[in-house]
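Grab a pencil and work through the exercises below. Each one gives you a task, then a solution in steps.

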Amino acid sequence: MERQKRVAAIHDISCFGKCSLTVALPILSAAGVETSIIPTAILSTHTGGFENYTYRDLTDDIMPIVDHWKTLDLHFDGIYTGFLGSFEQIDIMKTVFDKLRSDDTLIFVDPVMADNGKLYGLFSPDFPKGMASLCEKADIIVPNITEASLLLGEEYVAGPYTKDYIEGLLHRLHERFNAKVILTGVYFDDEKLGAASFDPEKGIVDYALSDRIDGYYHGTGDVFGSAVLSGLMNGKTLADSVALAVSYVYHSIERTKNAATDIRFGVDFERGTKELIGE
């Protein structure tokens, strides 16, 4: 039997509200991927739409966990980072990569820091430069269009987009970071929404779009990134992994909308996990 793939997921934990580790761990596990975790912080809820949430920073715990893992001679097929709350955590992630990666380890960085043309309020204006320095160590980066603009130091362009613009953005990101690139929030009209990817080994841009569902649903970026990584760990191509993730997110949002669930709570990804393994 083939060896089970192992991923280290390094994100915060929101005890309520589906995002970060409470999304990455179940999705990767459901896809048959052994998932180890390093929590960067613990919150009572995520920060989108909730007030008076608790927050405990776990920066000081990260390296002791990594150093203990090193004594166990563990091999990781992937290392997956998402939301990082400080410059210190960005610098620590660089050390984590150096300590835990092997020649065949995939470094998968979701540079969570902005959306809808704006940097998240808890970050200083120079934070994108720090995140860019982490992306330089990645094999695959997964920015949305706002984050892509910030990483490149370009003005944000609102959609709908043209293929020339999207493909230019993908190529500039690849040239800047020497990584495969997945760009989320791609749309050319009001009917379809999805992602585009550029794999330099193929030399072409692939698109995966689904019907647009109105509304802003929290945690979908984490659902998307985790689903992409699950596909990659199971031997799918970059384009096929992105297509899987777009479909999975769409169906998760569809279930949530049909159930009229409070959108702050996150999307119903749990009842669609069979989609990750083709059932």
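**Exercise 1.** At what angle do helix H5 (residues 145–152) and helix H6 (residues 163–177) pack, and how far apart are their axes?

Before you start: this is a predicted model, where local features need pLDDT of at least 70, side-chain atom pairs count only at pLDDT 80 or more, and totals for chains, interfaces and linings use all residues. Residues are numbered from 1 along each chain as its sequence is written, and side-chain values use heavy atoms, with hydrogens and water left out.

*Solution.*
- Helices (H or I, at least four residues) and strands (E, at least two) are DSSP runs, numbered from the N terminus.
- Axes are lines fitted to C-alpha atoms, for helices over the stretch in contact, and angles run from 0 to 180 degrees between N-to-C directions.
- The angle comes out at about 45°, with the axes of H5 and H6 10 Å apart.
- H5 and H6 are therefore oblique to each other (under 35 degrees is roughly parallel, over 145 roughly antiparallel, 65 to 115 roughly perpendicular, the rest oblique).
- Now list the residues in contact (heavy atoms within 4.5 Å): H5 brings Ile 145, Ala 148, Ser 149, Leu 151 and Leu 152, while H6 brings Tyr 165, Ile 166, Leu 169, Arg 172, Leu 173, Arg 176 and Phe 177.

**Exercise 2.** In what order do the 9 strands of the open sheet run, and which strands stand at the edges?

*Solution.*
- Two strands pair if DSSP finds at least two bridges between them.
- Follow the pairs and you get S3-S2-S1-S4-S5-S8-S9-S10-S11, with mixed pairing.
- Strand S3 (55–57) and strand S11 (204–211) are the edges: each has a single partner strand, so one side of each is left without a neighbour in the sheet.
- Helix H3 (residues 87–100) packs on this sheet, touching strand S1 (6–16), strand S2 (34–45), S3, strand S4 (78–81) and S5, and its direction makes about 175° with that of S4.
- Zoom in on one pair: strand S5 (residues 106–109) and strand S8 (residues 140–141) run parallel, joined by 2 bridges.
- Val 109 has Ile 141 as its bridge partner in S8.

**Exercise 3.** Which side chain does Lys 94 meet in a salt bridge?

*Solution.*
- The criterion is a side-chain nitrogen of Lys or Arg within 4 Å of a carboxyl oxygen of Asp or Glu.
- Lys 94 meets Asp 91, at 3.5 Å from N to O.
- Both sit in helix H3, 3 residues apart, about one turn of the helix.
- Searching the whole structure gives 15 salt bridges.
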